[in-house]
Amino acid sequence: MSITNSPVTPADPEVFNVRVEKLFSDAYSGEGEYFGGHEGESLFSWYRDNDGTIDVIAGANSKTYEVTESDYNCRILFGYTPVRSDSAVGKQKMSEPTEIILPEVPRVEMLAFSGKGVQGDVLTAVQVIPKTEIQQLVWSKYKGTIEYQWFRSLESGDEMSNEALSSEISCSYKVRFEDIGRCLKCECVVHDVFGRSSEPAYAETGPISPALDQALTFCRNCCFRGSKSLLLPSSSTDYLLELAFFREMALKGKVK
């Protein structure tokens, strides 16, 4: 066994495998493997790459970084300068740039209707926006276009399917005669300024009712023929009209 006459000198401080790891949608961590004696107070920095122009991000000097609005549509990089416990400083190493930083995709918490499911009324689809700070920001600054598509239900045996109303692509829809007894559904997709799309959101009515004046006219016509002419309903439309007829008869005391 041999023993050296002087203490072992630590290697120069170096760092390897410098990288950025994603913690959350808006938070990142800078990582690297230190080499060269005991690590002291190494220095960390973050940079913003805006289409090839790289600038240091002021105040970002820890191993973690929380994205700000200024980072959107840019990439970020992590810089690691190794410092040994005796204050010897090594060469800074930089990570590769991240993917382009983008905010959350706009989300629709719920789609609801204003208006009534009655013939002649206008239904308007209204988005309920999440109350989180980031979603409020996304909707106010980065929302692009909103697409709508309306559907009408079709009865097919015991199953219910829908047909797309190809010309109905606005947020509002005026309920028609042919909708009576059927359900209406609206699909909503939100696009942002970065070209991304939300998950579709849906709202659906119950069976559409006839307009009151039409139902009463039908009932009055039936009165001339006598209530015995009333037949079993052959469709959901007939069913609703028959209900209206019986209602008026009950009001007049003719049906118990």
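Arg176 counts as partly exposed in this predicted model, because its relative accessibility is 28%, a value that falls between the 20% limit for buried residues and the 50% limit for exposed ones. The residue sits in the loop that runs between strand 12 (172-174) and strand 13 (184-192).

**Arg176 and contacts across the chain**

- Once its neighbours within four places in sequence are left aside, Arg176 is in contact with Gln119, Arg152 and Glu168.
- Between Arg176 and Ala211 there are 35 residues of separation in sequence, while their C-alpha atoms are 9.6 Å apart in space.
- Over the chain, when contacts with a separation of 6 or more are considered, 57% of them are between residues 24 or more positions apart.

- Ser45 belongs to strand 3 (residues 43-50), and it counts as buried because its relative accessibility is 12%, which is under the 20% cut-off.
- The side chain of Ser45 makes a polar contact of 3.2 Å with the side chain of Gln92.
- If residues up to four places away in sequence are not counted, Ser45 touches Ala60, Leu77, Phe78, Gly79 and Gln92.
- Ser95, in contrast to a strand residue such as Ser45, is found in a loop, the one between strand 7 (93-94) and strand 8 (110-114).
- Ser95 also counts as buried, because its relative accessibility is 4%.

- Helix 1 covers residues 133-142, and its buried residues include Gln135, Val138, Trp139 and Tyr142.
- When one looks down the axis of helix 1, these buried residues fall within an arc of 120°, and they therefore line one face of the helix.
- An α-helix has 3.6 residues a turn, so residues three or four places apart point the same way.
- Glu133 and Ser140 lie on the other side of helix 1, where they are exposed.

**The largest pocket**

- Rolling a probe the size of a water molecule over the atoms shows where empty space is left.
- The largest pocket holds about 320 Å³ of space.
- This pocket is lined by 17 residues, and those closest to its centre are Ser25, Asp26, Val67, Ile101 and Leu102.
- By type, the lining of the largest pocket consists of eight nonpolar, three polar and six charged residues.

- Most residues other than glycine have a negative phi, and the two residues described next are exceptions to look for in the structure.
- Asn17, which is not a glycine, has a positive phi of about 55°, and this residue lies in strand 1 (residues 14-24).
- Asn17 is partly exposed, because its relative accessible area is 47%.
- Ser87, again a residue other than glycine, has a positive phi near 80°, and its place is in the loop between strand 6 (75-81) and strand 7.
- Ser87 counts as exposed because its relative accessibility is 55%, which is over the 50% cut-off.

Methods. Residues are numbered from 1 along each chain as its sequence is written. This is a predicted model: local features need pLDDT of at least 70, side-chain atom pairs count only at pLDDT 80 or more; totals for chains, interfaces and linings use all residues. Side-chain values use heavy atoms; hydrogens and water are left out. Helices (H or I, at least four residues) and strands (E, at least two) are DSSP runs, numbered from the N terminus. Buried means under 20% relative accessible area, exposed over 50%, partly exposed in between (1.4 Å probe, protein chains only). A polar contact is a pair of N or O atoms within 3.5 Å; within protein, one must be able to donate a hydrogen and the other to accept it, and residues adjacent in sequence count only if both atoms are side-chain atoms. Contact means heavy atoms within 4.5 Å. The arc is that of the directions from the helix axis to the C-beta atoms. On a 1 Å grid over the protein atoms alone, a cavity is a set of points where a 1.4 Å probe fits but cannot get out, and a pocket is an open set with protein on both sides within 12 Å along at least five of seven lines; lining residues have an atom within 4 Å of a point. Grid points are joined across faces, edges and corners, and a volume is the space filled by probe spheres set on the points. Ala, Val, Leu, Ile, Met, Phe, Trp, Tyr, Cys and Pro count as nonpolar, Asp, Glu, Lys and Arg as charged, and the others, Gly among them, as polar.
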